[in-house]
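Subject: Structure for you to look at

Hello,

Here is the structure I promised to pass on. Please open it and keep it in view while you read my notes below.

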Amino acid sequence: MSLLYRLKVRVLKTPRGNLWWRKRSARHGAPVGAYADLADYVRRYAPGNSFVDIGCMWGVNGEFSFIAEEAGASAVKGVDVFGPTPEFEAKRQERKSAVEFVLGDCIQPETIARIGPADVVLCAGVLYHLPAPYDLLVALRQICRKTLILRTSTIPEIAGLPNAAVFFPMLTAEHRKLWNLSSLGLLHQEGISNAFNPEQGYGNWFWGLTPSALRSMVETAGFRVEQVATEAFAQTLICTPVDTVFHHDLPNATQAQKLAAEISASGIARPA
Ligand SMILES: C[S@@+](CC[C@H](N)C(=O)[O-])C[C@H]1O[C@@H](n2cnc3c(N)ncnc32)[C@H](O)[C@@H]1O
């Protein structure tokens, strides 16, 4: 990784550098995002639609689900691998809310089946916590009928290396320092503030995707990106599901044998 890129990341991690970057992006006409905008996205897309928030609990206790319900969503579910928290239960009672909590790992087929299809899917702060982020996007594609609101942490683009990404686990303490965002107010990044901790599962930070890598993955999973709100270390994407172009059909045993014979006969399969 070039010295120049490291310098760029270090500058963007300072509050001043970050603010400068936001102003510069805005001047160049790029919509600039913020975590605080999520509630507005939910209010815009939820009315009259079924809504699900994937990863609804940590620090927010299902708040986006309640916002969706209040905004007039027809049915609302919140999904997470832990919970519901007492705060979630209290809000549910207080509001006489019908928000349904689904405990489950959203990339598992049985969880996807329990969630069922939803018009609007919110998934914020989850993608970089999964070792296989593409699987999460495929799960979101299976669930989403109309609109995906996707927000995730990213790393700054690497000039001349589109679609690049950094895998955080097993980096040395020295190399992890670059990705530590405490200077921007993040209290703790499991697996970055400290060494990768297998016992913390999805709590770890796994991937630092560049915006281009994120977009390519989202499109490959079967979404059209309609809007992007950019930040130096995060992206918010509004997406529409489209026909999935990527799939791999598994042949049955007979077809597989026939295919194998054809491949052998053609002589195209050579050790790479
Ligand atoms: C960083 S928090 C984000 C919380 C909230 N969405 C927000 O943006 O403030 C990530 C949340 O996703 C949940 N999560 C992580 N992996 C998940 C998975 N595979 N299935 C469902 N929830 C998951 C975590 O338990 C946690 O509540």
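**Notes on the fold**

The buried residues of helix H7 pack against E1, helix H6 (109–115), E4, E5, strand E7 (207–209) and helix H9 (211–220). Those buried residues are Pro133, Leu136, Leu137, Val138, Ala139, Leu140 and Ile143. Remember throughout that this is a predicted model.

**The sheet**

Now the sheet. Seven strands make up an open sheet, and their order is E3-E2-E1-E4-E5-E9-E8. Pairing in the sheet is mixed. At the edges are strand E3 (100–103) and strand E8 (223–231), each of which pairs on one side only. From one strand to the next, the twist averages 15°.

Helix H3 (residues 38–45) packs on this sheet. H3 touches strand E4 (118–124) and strand E5 (144–153). The direction of H3 makes about 180° with that of E5. Helix H4 (residues 63–70) also packs on the sheet, where it touches E1, E2 and E4. Its direction makes about 175° with that of E2.

**Strand by strand**

Start with E1 (residues 50–54) and E2 (residues 75–80). These two strands run parallel and are joined by five bridges. Within E1 and E2, aspartate 53 stands opposite glycine 78.

Next come E4 and E5. They pair in the parallel sense, over six bridges. Alanine 118 has cysteine 144, in E5, as its bridge partner. Between the two strands, the chain crosses from E4 through helix H7 (residues 133–143) to E5. This β-α-β crossover is right-handed.

On to E5 and strand E9 (residues 234–241). They run antiparallel, and six bridges join them. Serine 153 stands opposite alanine 234 in E9.

Why is E5 largely enclosed by the rest of the structure? Eight of its ten residues are buried, so the rest of the structure largely encloses it.

**The ligand**

There are 19 residues around the ligand. Which of them come nearest? They are Gly55, Trp58, Ala124, Gly125 and Tyr202. By type, the shell around the ligand divides into 13 nonpolar residues, four polar and two charged.

**Backbone points to check**

Most residues other than glycine have a negative phi, and most peptide bonds are trans.

The peptide bond that joins glycine 83 and proline 84 is cis, with omega at about 5°. Proline 84 is in the loop between E2 and helix H5 (86–94).

Asparagine 61 has a positive phi, near 50°, and is not a glycine. You will find asparagine 61 in the loop between E1 and H4. Is asparagine 61 buried or exposed? It counts as buried, because it has 21 C-beta neighbours inside 10 Å and the cut-off for buried is 20 or more.

Asparagine 163 also has a positive phi, of about 70°. This residue is in the loop between E5 and strand E6 (165–167). Asparagine 163 counts as partly exposed, because it has 15 C-beta neighbours inside 10 Å.

Best wishes

Key. Residues are numbered from 1 along each chain as its sequence is written. This is a predicted model: local features need pLDDT of at least 70, side-chain atom pairs count only at pLDDT 80 or more; totals for chains, interfaces and linings use all residues. A residue is near a molecule or strand if its C-beta atom, placed from the backbone, lies within 6 Å of it. Ala, Val, Leu, Ile, Met, Phe, Trp, Tyr, Cys and Pro count as nonpolar, Asp, Glu, Lys and Arg as charged, and the others, Gly among them, as polar. Two strands pair if DSSP finds at least two bridges between them. Helices (H or I, at least four residues) and strands (E, at least two) are DSSP runs, numbered from the N terminus. Axes are lines fitted to C-alpha atoms, for helices over the stretch in contact, and angles run from 0 to 180 degrees between N-to-C directions. Two residues are in contact if their C-beta atoms, placed from the backbone, lie within 7 Å. A residue is buried if 20 or more other C-beta atoms lie within 10 Å of its own, exposed if 12 or fewer, and partly exposed in between; C-beta atoms are placed from the backbone. A crossover is right-handed if, with the strands pointing away from the viewer, the path from the first strand over the helix to the second runs clockwise.
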